Amino acid sequence: MTTLVTHPLLPYTIGKLAGMPGRVIACGAVLSLLPDADVIVEALIPNLPHALAHRGATHSIAFAVLMALVAMRFAAPQEARFSRPWWGILLYLVLCGVSHGLLDALTHFGDGVAFFWPVVDVRYLFMFQPMQASPFLNDFFSIWGLRVLMAEAQWIWLPCFAVLLVQATLRRTRREPARAEATQ
């Protein structure tokens with residue numbers, strides 16, 4: 001799994017690009033973190049079935065859809081239910097939930113992510129795995145933890161920040177001619 005800092009960065013970037021309201025982006029950030037609740041469940045209940053263990057059911061597309069539907073109560077105005085903006089928010093929230101598994105599949109850890117649970121209990125990793133799995137608290141401030149953060153910075157943080165910087169620059173350059181015309 002990638003670190004708790006990295007998981008919400010991708011939904012934040014996508015939300016900013018899509019012009020989502022702040023409360024929707026906040027819901028998306030929470031959805032991007034939620035799949036790792038399975039670590040807590042696994043610690044409390046040993047010997048879970050394979051499908052419920054880490055990177056299992058909570059990392060699936062089905063779980064992302066279910067949690068996005070629940071989050072819609074907080075993210076979208078109820079009077080706009082099933083309107084075009086409502087569907088856009090739902091799609092964004094589903095992508096936020098799915099992003100967790102996608103980032104985890106980029107790390108070389110364990111036997112993969114159960115994207116298609118409950119249809120099949122097969123786990124997948126991408127062939128390209130540029131990042132190590134995040135260490136837990138006791139090893140987070142070690143050389144291993146530093147390597148994980150550096151890889152995440154290279155592969156996730158820098159591209160996200162670059163995209164956000166380009167977006168901010170484009171918005172600024174679009175506003176400047178409009179201001180110049182308004183003052184003439």
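This briefing covers the helices, salt bridges, backbone geometry, cavity and surface patch of one predicted model.

The chain has 6 helices and 0 strands, in the order α-α-α-α-α-α along the sequence; helices (H or I, at least four residues) and strands (E, at least two) are DSSP runs, numbered from the N terminus. Of the 184 residues in the chain, 40% are buried, where buried means under 20% relative accessible area, exposed over 50%, and partly exposed in between (1.4 Å probe, protein chains only). Residues are numbered from 1 along each chain as its sequence is written, and side-chain values use heavy atoms, with hydrogens and water left out. Because the model is predicted, local features need pLDDT of at least 70 and side-chain atom pairs count only at pLDDT 80 or more, while totals for chains, interfaces and linings use all residues.

**Helix H1**

- Helix H1 (residues 6-18) has 13 residues and reaches 19 Å from its first C-alpha to its last, close to the expected 18 Å; the expected span is 1.5 Å times one less than the number of residues.
- The buried residues of H1 are Thr6, His7, Pro8, Leu9, Pro11, Thr13 and Gly15.

**Salt bridges**

- The structure holds 2 salt bridges, each defined as a side-chain nitrogen of Lys or Arg within 4 Å of a carboxyl oxygen of Asp or Glu.
- Arginine 55 pairs with aspartate 104, with the closest N and O atoms 3.7 Å apart.
- Arginine 55 lies in the loop between H3 and H4 and aspartate 104 in helix H5, so this pair ties together parts that are 49 residues apart in sequence.
- Both arginine 55 and aspartate 104 are buried, arginine 55 at 2% relative accessibility.
- Arginine 123 and aspartate 111 form a salt bridge at 3.8 Å, N to O.
- Arginine 123 and aspartate 111 each lie in the loop between H5 and H6, so the pair ties together parts that are 12 residues apart in sequence.
- Arginine 123 is buried at 12% relative accessibility, whereas aspartate 111 is partly exposed at 47%.

**Backbone geometry**

- Most residues other than glycine have a negative phi, and most peptide bonds are trans.
- Arginine 55 has a positive phi near 70° and is not a glycine.
- Asparagine 47, also not a glycine, has a positive phi of about 60°.
- Asparagine 47 sits in the loop between helix H3 (37-44) and H4 and is exposed, with a relative accessible area of 79%.
- Tryptophan 117 and proline 118 are joined by a cis peptide bond with omega of about 5°.
- Proline 118 is placed in the loop between helix H5 (84-104) and helix H6 (143-183).

**Cavity**

- A search of the whole structure finds 1 cavity of 30 Å³ or more; on a 1 Å grid over the protein atoms alone, a cavity is a set of points where a 1.4 Å probe fits but cannot get out, and lining residues have an atom within 4 Å of a point.
- The largest cavity has a volume of about 30 Å³, a volume being the space filled by probe spheres set on the points.
- Its lining consists of Leu31, Leu34, Pro35, Thr58, Phe63, Ala64, Met67 and Gly97.
- H4 gives the largest share of that lining, 3 residues.

**Surface patch**

- Ile61, Val65, Leu69, Phe116, Val119, Val120, Val122 and Tyr124 make a nonpolar surface patch of about 650 Å².
- Patches are made of residues with over 30% relative accessible area and no salt bridge: like charges are joined within 9 Å, and nonpolar side chains (Val, Leu, Ile, Met, Phe, Trp, Tyr) within 5 Å.
- Accessible areas come from the Shrake-Rupley method with a 1.4 Å probe; for residues, only the protein chains shown count as cover.
- Valine 65 is found in helix H4 (residues 61-75) and is partly exposed at 34% relative accessibility.

Definitions and conventions. On a 1 Å grid over the protein atoms alone, a cavity is a set of points where a 1.4 Å probe fits but cannot get out, and a pocket is an open set with protein on both sides within 12 Å along at least five of seven lines; lining residues have an atom within 4 Å of a point.
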